[in-house]
Amino acid sequence: MSTERRRNAGGGRRRASGPDDGPRGSGGRRRADGPPRDERAGGRRAAPSDDGGFWDDERPTRRRSAEARSGGSRSEGGGRRRPPEERRGRDRGREAEHGARSGGSRRAQGGGGRRRPPSRRDEPDDRGPVKRFFAKVWKPALITCGVLFAGGVAALAIFYFTLGDAEDMQAQADAVKEASVITDAGGEKLITTGEVNRQNVTRDEIPDSVVNGVLGTEQRTFPSDGGISITGTMRAVLSGGSAGGGSTITQQMARNYYDGLSQEQTYTRKLKEILISIKLGNQLSKDQIITQYLNTIYFGRNAYGVQAAAQAYFGKDVKDLDDAEGAFIGAIIQQPGNFENYEADPKMQEILEERWREDTLHGMNVMYEEYDGEYGLPKEETDKLEFPETVKYTVGGEDYSGYKGYVRNAVLAEAESRYGVSPEQITKGGYQISTSLEPKLMTAASEAFTQALPEGMPEDTNYGLTAVDPATGEIKAFNGGSDFTTDANNSLTERAQAGSAFKPYVLATGLSNGISLNSKFDGNSPQTFEGIEGEIQNDSNKSWGTVDLVESTKHSVNTSFVELTQQVGAQAVKDTALAAGIAEEQLETAQLGPNIALGTYQVRALDQATGFATFANQGVHIPPHMITKMVDPNGNEVTPNDAEELEGVRAFEADVAADATYAMQQVVSPDGGGKEAMLSDGRPVAGKTGTSNDAKSAWFVGYTPQMSTAVGLFRDGGKQLEIPGVQDVYGGTTSAKIWKAFMEEAMKGVEVKQFPPRAGVGDDQSFLPATPTPPPSGEPSAPPPSQEPEESPDPSTSPPMSPPPATEEPCIPFPGNDCETGEPEEPGGPGGPGGPGDGEDDNGGGGGGGGWDPFARRDD
């Protein structure tokens, strides 16, 4: 650096400020509040920047003065800078050229020329990281979005214009009408879904009563709305296409034009639906849309279109339907499969009547107000309407007598739940559906009740029976009822309190928590427990003294099982039941507490057959199903949405299942509560009896290694069971006999297999109270063998050393019975196979009327 330049630079340090008429020096460096304004001109180096090019900060740089760019002006002119007013009078172009030439010469020679002052691009960026990021990416992001948007618009435009016209779409919808075929386990045709029943009508033939009923339920704003629902579409987009509801009538009609459109719960399906709806909305008038909609949609009872529906439900033409009947037509559209036979299911009838009044009639009132009487009806008129009566449910074109009608409905429900294919698509789509059902066992499931029960049973008695293959989860047989048009499915939809047949889930939970079968409990009666009002009693209030879990299971001791539930927690027991296969909705039918051990939850025969199948399958649960394969009209196999679960999910350890099975084998023994279920060929059987409070339900659920079968008896409305000639109704003396009648047929020709041996899991623990519960006065804590047997309706039929001679059954060796002992221990007992007091009924009892489809999924 030259002497003059050093003097100029140094002078700045000595002076706080320069002359009034001259430029300030570098003394500004001493300012506390930041760098001086002329610091950049003085050559002070700024922090370097690593960024550059496209991604660099693109703020404009500050242009340097010609004086600053001139490398030799200061050396030639002394230490003072030229005042700004003088610089403005100079020829900037010539000075800039001279400065560039001068500075460039010095840099080229490597001499002590001053550095080029840094530009603003080299200044430190005091913005935060977020602002810097967006400053760099907003341009490329905008370009990318623009390209994608343009491409998307182009793709949508191409797809839109390649769609056929409304006339072409209608022809396509009609072309795929073909009944589906349902086959049994052997591949033989079982039934078809029946001929497609559709009769098109014109708008003039559809009365306003029907239009008002449909619009009042489905879309009250249809007269003024466009072809799509923005809110419904956004809900579908946010849910990935899985959220139901929100579709306009035009969108629903679009789904019916293209078979397969409603199968996909995806963005693509929703996009197709929207584009088709827009096209239809542009090409058709409101009258045309509502007419095609009513001629296309499925109404249940195999009726497509409003004319077929009018005939199926009311036996008249659509033009003759009154306001109440028109409202009914609108009310059933959302759930035609559930509502088509509503009279057979009191619960479903209640739902439909509420929908008819609260949704449909109210919607008609709203439309009347919003459209100045052009649509809908005034409230004073709807208040006078009564729920209409319908004709008997029939499905034409096919023989649905016996169990076939129940099979048809069950297959349609399962196809929708597991495959996402709606009932209307199945009935008209030409699918090939294979099932696991065996006709021989379907017949046996019905005949078992007539073989084991006397004549004269009350008409409202439900006869539930479901048989499941533990290794596959396949439903082999079920008993639907007497007539599918009037009687709801007794096995797959109806439910009742489980009673003591729920105790195995408590047992499995205890074993899983390290409580062995040898653990000791107080089996005396009555006892009080925290969280339960009143006293818990065993059957006939019998005290059993100290019992282990094998004895507690064999004799169904209520007090010990409630204590076990308190030890492991009611929630843990509920979780075990859910993991084993009890449907989640059934586990909401009673309050959670220790008394769930007594079977307060309501269950179906399907639930119990599935749950006990998990024990037979060594703790691995497989979802129950009857559809084993579904092929669409194009020959493509449809994949179920539970395909991964069909591989099996472990509910509890195999050793837990083995020990629980060992305990349940003692129930089906000569002195056990379920002795009536012992099979004549001597094969091993494990099971559990159950009778709810006041004998409102009677169960026996049992299994061999190859099949799990649940049998339940109960009446509509939770009434007490009545069996002619039987004074005391127990699961072990009624349902166990039915179970045996079915299983004797089901096990014919089937290899005899043994259960795994007892594993001995857990530790031997004692849960006896510090002060034992005293037995009732005059009653021993451990009843002698001479007392009456468990669940025997006739006290005179005490079991001998071998099976009762009335059944001519030989003594059957099993763990715990070597057929060489003397008088067996006192059978019977606490709650064993249920009976009065076997289950604490804290919710009004079970019986008749769950009315839930086992596979149904509401998709609004």
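In which hand does α20 cross α27? The crossing is right-handed, a crossing being called left-handed if the near helix is turned anticlockwise from the far one by less than a right angle, and right-handed if clockwise. The contact is made by residues of α20 that include Leu-441, Ala-444, Ala-448 and Phe-449, and by residues of α27 that include Ile-738, Ala-741, Phe-742 and Glu-745, where contact means heavy atoms within 4.5 Å. Helix α20 (residues 439-452) packs against α27 at an angle of about 145°, and their axes are 8 Å apart; axes are lines fitted to C-alpha atoms, for helices over the stretch in contact, and angles run from 0 to 180 degrees between N-to-C directions.

The model is predicted, with local features needing pLDDT of at least 70 and side-chain atom pairs counting only at pLDDT 80 or more, while totals for chains, interfaces and linings use all residues. Residues are numbered from 1 along each chain as its sequence is written, and side-chain values use heavy atoms, with hydrogens and water left out.

The protein has 27 helices and 17 strands, which are DSSP runs numbered from the N terminus (helices H or I, at least four residues; strands E, at least two). Of its 860 residues, 51% are buried, where buried means under 20% relative accessible area, exposed over 50%, and partly exposed in between (1.4 Å probe, protein chains only). Among contacts in the protein with a separation of 6 or more, 75% are between residues 24 or more positions apart.

Helix α27 (residues 735-746) also lies across β6 (461-468), β7, β16 and β17 (707-715), running at about 145° to β17. These strands belong to an open sheet of 5 strands in the order β7-β6-β17-β16-β15, with antiparallel pairing; two strands pair if DSSP finds at least two bridges between them. Because β7 (475-478) and β15 (686-691) each have a single partner strand, they stand at the edges, and one side of each is left without a neighbour in the sheet. From one strand to the next, the twist averages 10°.

Within this sheet, β6 is largely enclosed by the rest of the structure, because 7 of its 8 residues are buried. It is joined to β17 by 8 bridges, with Phe-714 of β17 as the bridge partner of Asn-462, and to β7 by 3 bridges, where Val-468 stands opposite Ile-475. β6 and β7 form a hairpin with 6 residues between them, and Gly-473 in the turn has a positive phi of about 80°.

Strand β1 (residues 181-183) runs parallel to β5, joined by 3 bridges, and Val-181 has Gln-432 as its bridge partner. Strand β13 (residues 627-631) runs antiparallel to β5, joined by 4 bridges, and Gln-432 stands opposite Val-631 in β13.

The largest nonpolar core has 113 residues, and those with the most contacts inside it are Phe-478, Met-626, Met-630 and Phe-742; such a core is a set of buried Ala, Val, Leu, Ile, Met, Phe, Trp, Tyr and Cys residues joined through side-chain atoms within 4.5 Å. Apart from it lies another core of 47 residues, including Leu-280, Ala-309, Phe-328 and Leu-377.
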